[in-house]
Amino acid sequence: MSRLASTALAVTGLAGGYATGRATKKRPLAAVVLGAAGVGAFLIWKKDAGTGKAIALISAYVGGFGASHPLAKKLGAWPAVNSVTAGVALLSLVLGGSKKSKDELS
């Protein structure tokens with residue numbers, strides 16, 4: 001369940017942040033959505049997958065946000081946002097799962 005929750009937060013942050021900014025014309029409000037969802041997803045990733053994977057996933061999240069800007073010049077705004085959002089969602093589903101304890105590994 002947490003893997004889906006963290007992925008949903010990441011998707012909400014990237015796509016929802018863009019949609020909020022576009023609808024309201026207020027970038028700071030879009031940044032609040034992006035930031036709050038990113039923090040929430042990071043906390044779940046850290047709890048479920050460990051600090052290292054959480055850092056990798058939040059790096060992909062922030063990197064995807066940054067990459068969507070130049071990508072938008074080539075693809076258009078929504079296709080760029082959807083592309084990076086799909087990539088981050090896939091990474092979250094693959095890497096954001098439960099970490100194994102030492103007892104479970106033996």
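I looked up Thr85 and found it buried, at a relative accessible area of 7% (buried means under 20%, exposed over 50%, partly exposed in between, with a 1.4 Å probe and protein chains only). Thr85 lies in helix α4, helices being DSSP runs of H or I with at least four residues, numbered from the N terminus. Leaving out residues up to four places away in sequence, I noted that Thr85 touches Val11, Leu14 and Ala15, where contact means heavy atoms within 4.5 Å.

I keep in mind that this is a predicted model, in which local features need pLDDT of at least 70 and side-chain atom pairs count only at pLDDT 80 or more, while totals for chains, interfaces and linings use all residues. Residues are numbered from 1 along each chain as its sequence is written, and side-chain values use heavy atoms, with hydrogens and water left out.

Next I listed the buried residues of α4, which are Ala80, Val81, Val84, Thr85, Val88, Ala89 and Ser92. They cover an arc of only 160° around the axis (taken from the directions from the helix axis to the C-beta atoms), and therefore sit on the same side of α4. These buried residues pack against α1, α2 and α3 (51-75), whereas Leu90 and Val94, on the other side of α4, are exposed.

Last, I checked the pair α1 (residues 2-24) and α2 (residues 27-49), which pack at an angle of about 170° with their axes 8 Å apart; the axes are lines fitted to C-alpha atoms over the stretch in contact, and angles run from 0 to 180 degrees between N-to-C directions.

Methods: Helix = DSSP H or I, 4+ residues; strand = E, 2+ residues; numbered from the N terminus.
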